[in-house]
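Here's a guided walk through a protein model, starting with the overall picture and then stopping at a few spots. Keep the viewer open while you read.

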Amino acid sequence: MARHGGGRGWYGKVVGAALGVTVLAVGASVWTAQADSVGGGATPRASAPATPGGAAKPVDISIAHASDAGPRGVNITIDDGPDPAWTPQVLDLLDEYGVKATFCMTGLQAEAHPDLVKDVVAAGHRLCDHTVSHDTTMDKKSEAYQSKEILDAERMIIKASGGVRPVYYRAPGGAFTPYSRKLAASHGMRPLGWNVDTKDFERPGADAIVATVKRELPNGPTILFHDAGGDRTQTVEALRQVLPWLKEQGHTFGFPVR
């Protein structure tokens, strides 16, 4: 994974207005997965009810990368939305090629666009908690802060979706901690990593995004794209090329393991 720096001004404006949280720009760096062992002690408690209807079944705390579609499976993951300009275009492409994906949504965007959250669910895609404000430095913050970002986003996504839970948790920029993974897993949200960082948020051009997928896919099956945080014209065009190419290569589309 990689810390995402460029193209985050959009989040700073939204979060500054809505929450008064300062989002610090972080330069790109190589992601190093957190150790899978988590210290003992009680399971972290929610600061607010997660959803009407009771608690979710706890899941594995390790960071998922594998696909439930088997050795030729790939996982398409879409981050930072939903966005009224780009999410519908991504949904149309996924529908055209018969692909199901995982949408990692921020709480602010889900709350602002509940109809799009419902559209994602209605199309058979899965939801992922991507925190309230996409703070890529949250691994440096207190456990209370991490808890609020994760659990408030969970609540906001559930409300926007009409009661459908997010089943994964992706830390912004890969900023996982043992605490955040344990907390998310206790709420039925498997921590979710990625193997292919397309860098589409940097807008390098659709051809470059496609080339990154082809080059890095041997690293593993989970591919990261974005449907918010800026102009995603290049992402949409890259998906238009990548989805049929993956099928031609004999890949099937699945969801990350839980």
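A couple of ground rules come before the tour. This is a predicted model, so local features need pLDDT of at least 70 and side-chain atom pairs count only at pLDDT 80 or more, while totals for chains, interfaces and linings use all residues. Residues are numbered from 1 along each chain as its sequence is written, and side-chain values use heavy atoms, with hydrogens and water left out.

Let's take the big picture. The protein has eight helices and eight strands; helices are DSSP runs of H or I with at least four residues, strands are runs of E with at least two, and both are numbered from the N terminus. Of its 258 residues, 58% count as buried, where buried means under 20% relative accessible area, exposed means over 50%, and partly exposed is in between (1.4 Å probe, protein chains only). The accessible surface comes to about 10,300 Å², and carbon and sulfur atoms own 53% of that; these areas come from the Shrake-Rupley method with a 1.4 Å probe, and for residues only the protein chains shown count as cover. As for contacts (heavy atoms within 4.5 Å), look at those with a separation of 6 or more: residues 24 or more positions apart account for 80% of them.

Now find strand 1, residues 73-79. Seven of its seven residues are buried. That goes for both faces: G73, N75, T77 and D79 lie on one side, and V74, I76 and I78 on the other. Which strands pair with strand 1? Strand 2 does, in the parallel sense over three bridges, and two strands pair if DSSP finds at least two bridges between them. Strand 8 (residues 252-254) also runs parallel to strand 1, again over three bridges, and strand 7 (residues 222-226) joins strand 1 in parallel through five bridges.

N75 stands opposite G254 in strand 8, and its bridge partner in strand 7 is T222. The N75 side chain also makes a polar contact of 2.9 Å with the side chain of S67; a polar contact is a pair of N or O atoms within 3.5 Å, where within protein one must be able to donate a hydrogen and the other to accept it, and residues adjacent in sequence count only if both atoms are side-chain atoms. Another polar contact of 2.9 Å links the side chains of N75 and T222. Leaving out residues up to four places away in sequence, N75 touches a set of residues including H65, D68, P221 and F255.

Moving on from strand 1, the loop between strand 1 and helix 2 holds P82. The peptide bond joining G81 and P82 is cis, with omega about 5°. Then comes V90, in helix 2 (residues 87-96). Is V90 buried or exposed? V90 is buried, with a relative accessible area of 1%. Beyond residues up to four places away in sequence, V90 touches I78, F103, D227, V236 and L239.

T131 has a positive phi of about 70° although it isn't a glycine, and H134, not a glycine either, has a positive phi of about 60°. For context, most residues other than glycine have a negative phi, and most peptide bonds are trans. T131 is buried at 0% relative accessible area, and H134 is buried at 2%.

Last stop: helix 6 (residues 178-186), where S186 is found. S186 is buried, with a relative accessible area of 18%. A polar atom of the S186 side chain lies 2.6 Å from the backbone oxygen of L183.
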